[in-house]
Amino acid sequence: MNRYFRVDYDDRQIAWLYFDTQDASTNVLTEEALEAFDQQLISIAQAHPKGLVILSAKESGFIAGADVKAFATIPSPEAAKKLILRAHDIFHRLEALSFPSVALIHGYCLGGGLELALACRYRVASTEMSTRLGFPETHLGIFPGFGGSVRSIRLLGHLPAIQMMLSARSVSARTAKRLHLVEFAVPKRQLKNAARRLILEQPAAHTPPLSRRLPGNALLRPFVARLLRRQVARHARPEHYPAPYALIDHWRKHAGHAARMYASEAREVSTLLTGETAQNLIRVFLLQDRLKGLAEKSDFTARHVHVIGGGVMGGDIAAWCVLKGLVVTLQDRAPEHLGRAVSRAHKLFRKKLRDRYQVQNAMDRLIADHLGTGIKKADVIIEAIYEDVKAKQNLYRQVEPVMKASALLASNTSSIPLEKLAEHLQQPERLIGLHFFNPVAKMPLVEIVTQAGNPPQLIADATRFAKGIGKLPLPVKSHPGFLVNRVLMPYLLEAVTLLEEGVSATEIDEAALRFGMPMGPVELADTVGLDICLSVAEKLSETLHNPVPESLRRQVEAGHLGKKSGQGYYTWDKGSAQKEKPRPAPEQLGHYGDRMILRLVNESMACLREKIVDDAGLVDAGVIFGTGFAPFRGGPMHYAEKTGKKEILSKFRKLEYTYGNRFTPDPGWEDFQT
Ligand code: NAI
């Protein structure tokens, strides 16, 4: 036994090597764990067992991957390459063992973990829902670097392997079996038997059929690579996300030559890993971990949630909580809204759960509760009725005397200060905000909106609840717009100003896409709904010192609400905006981009100065996960830091000179260090 592994030999001379990192709930392939693994392989080889089974002693999973934290501090491409070559050596040793080896997989088996499994002769995986196998590396700006880009192709065939690496999606055990990624997909209780059987019977290892080997033919590869590049280009630009393109090139140049592929993998991945995109994406990954970590100060558990208001938000929040295993009672004064919410929920369950019985189980957990009988039993009560102070206050008056003493009372308000909403409560400090974003199932962030009197334990409990339903919690102060809407609005308003100046919607959106935003601001405004944008703009107008643009008001008055009405700044046809090709020269697009992005960056600084969130890292996390802000840039504050204080301030001054005081740099920049 050492800090990472323990080995047992059974009466059939099979070695069972348990990965069991001390004082951790998860196994991660740190440099030290890899070395310990190598030592184990050397000593097991000397014992000449009949076979080796590698498994995890953690309930959470097999191996979560390589040590992403360490990636953030790798000093140079040379150091990265050294680490990768060392991992190659260790996995080659595993692959070359003279007896059969099996990876026994239950729970997640990701990145470096899957690469280790691929170096075994066989793999078995449990059919439990928690089992996922995948290569998330491209989300971190790299591609599999511990031999995975070579071994996955050898096992699955060219296209299935490349697609799996490019998509970064993980698969279930059953899908893994179909792909021949594992030999057996069986219930957890049968895993050990399945592993034993493979060792005793030693079937021939799978080789992909000719049809799967063909695309790797040297004559076809350039053609296939072009198609793959085109497919990737639909989601990621090479100047923003180089990793998928590097993977395709690596495959195009070296497929079919194992030694050259291993060498190229080490070279390419070490260069990518220490590049700016990967380092920023790693930062985003760590920020995500930080948000999850904020939930550790509480062990609050909820089983029953009561949602009041079954409209757009309430209905979707209820469905989401059910999807995450909770029982939900959903109340609305209008029964027809409940009907609509339940049928939307059914659609979501069918999409996410697939299995008929699980969908039925989920439907059983969602209870339409016209009279609000669930209030007295619920652990969490979420109010999501329409945005009206009096209506919300009246509702709380009815809820407070009935709810359990231990229950959380939360509002999904997007703009009303909590202090105002809580005015008539017996215990005003009990009210907290849980600000979900639309669409609930897609947006990962929930702002935990706090008011001055909230006890720290309540904030911790609400944070824990949000994390428990699979969202990223971010505590924010109750101040108009909180963090996300507040920084997003100036960016959208600048886009509207550009429209008023006569710049076309397509050009404005292209400028934002070039910066790396996932969707242009005009398309975003049309998608959210111009009526909703107008109402948020009106509420934030004072805080932002920004009058509401007349053209926005006119659009709403004319009934042009965007995607939902078929007409907004764009005309919409079958759910997509009709765009023309953008014409202006790239410098102009750069200038438009600067105008919009710098307003967002300036407002981010204002939020930091006003302590809407605690620090710059949390501003970045909130803006990335709440608005989709170009993740490869590491967040608005990080972008400012990389650009440099002098450069940022000089850009603000120039824009202020031309366009006025909406570009005046926030006073917070004075203390900003780069
Ligand atoms: P909505 O208008 O779609 O739904 C409101 C629902 O509440 C309606 O079904 C209505 O019948 C029901 N309702 C009204 N008074 C009630 C009462 N006293 N008792 C029971 N049910 C009642 O509104 P939406 O868009 O879902 O917004 C709800 C809340 O979520 C608002 O506070 C809004 O600011 C906030 N929000 C909205 C977002 C959005 O994109 N729509 C995003 C984030 C927050």
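1. N485, leaving aside its neighbours within four places in sequence, is in contact with S414, H435, F437, V536 and L540, where contact means heavy atoms within 4.5 Å. The residue lies in helix α20 (residues 484-500), helices (H or I, at least four residues) and strands (E, at least two) being DSSP runs numbered from the N terminus. At 16% relative accessibility N485 counts as buried; buried means under 20% relative accessible area, exposed over 50%, and partly exposed in between (1.4 Å probe, protein chains only).

2. A word on the basis of these values: this is a predicted model, in which local features need pLDDT of at least 70 and side-chain atom pairs count only at pLDDT 80 or more, while totals for chains, interfaces and linings use all residues. Residues are numbered from 1 along each chain as its sequence is written, and side-chain values use heavy atoms, with hydrogens and water left out.

3. S414, one of the residues in contact with N485, is also among the closest of the 21 residues that surround the ligand, together with D332, H337, E387 and K392; a residue is counted here if one of its heavy atoms lies within 4 Å of the molecule. A polar side-chain atom of S414 lies 2.8 Å from an oxygen atom of the ligand. For D332, a side-chain N or O atom is 2.6 Å from a ligand oxygen, and for H337 the corresponding distance is 2.4 Å.

4. Helices α25 (residues 586-609) and α28 (residues 645-659) pack at an angle of about 110°, with their axes 11 Å apart; axes are lines fitted to C-alpha atoms, for helices over the stretch in contact, and angles run from 0 to 180 degrees between N-to-C directions. That makes α25 roughly perpendicular to α28, a term for angles of 65 to 115 degrees, whereas those under 35 count as roughly parallel, those over 145 as roughly antiparallel and the rest as oblique. On the α25 side H591, D594, R595, L598 and N602 take part, and they meet I648, K651, F652, L655 and Y659 in α28.

5. V613 lies in the loop between α25 and α26 (616-627) and is buried, with a relative accessible area of 1%. Its C-alpha is 8.1 Å from that of L474, although the two are 139 residues apart in sequence. Apart from neighbours within four places in sequence, V613 is in contact with residues including L474, P475, V476 and L483.

6. S126 is found in strand β7 (residues 122-126) and, at 0% relative accessibility, counts as buried. Its side chain is joined to that of T131 by a polar contact of 2.7 Å, that is, a pair of N or O atoms within 3.5 Å, of which, within protein, one must be able to donate a hydrogen and the other to accept it, and residues adjacent in sequence count only if both atoms are side-chain atoms.

7. Some backbone geometry deserves a careful look. Most residues other than glycine have a negative phi, and most peptide bonds are trans. A cis peptide bond, with omega of about -5°, joins N438 and P439, and P439 lies in the loop between β16 (431-436) and β17 (445-450). H48, which is not a glycine, has a positive phi of about 45° and is exposed, with a relative accessible area of 63%. A168, also not a glycine, has a positive phi of about 65°, but this residue is buried, with a relative accessible area of 10%.
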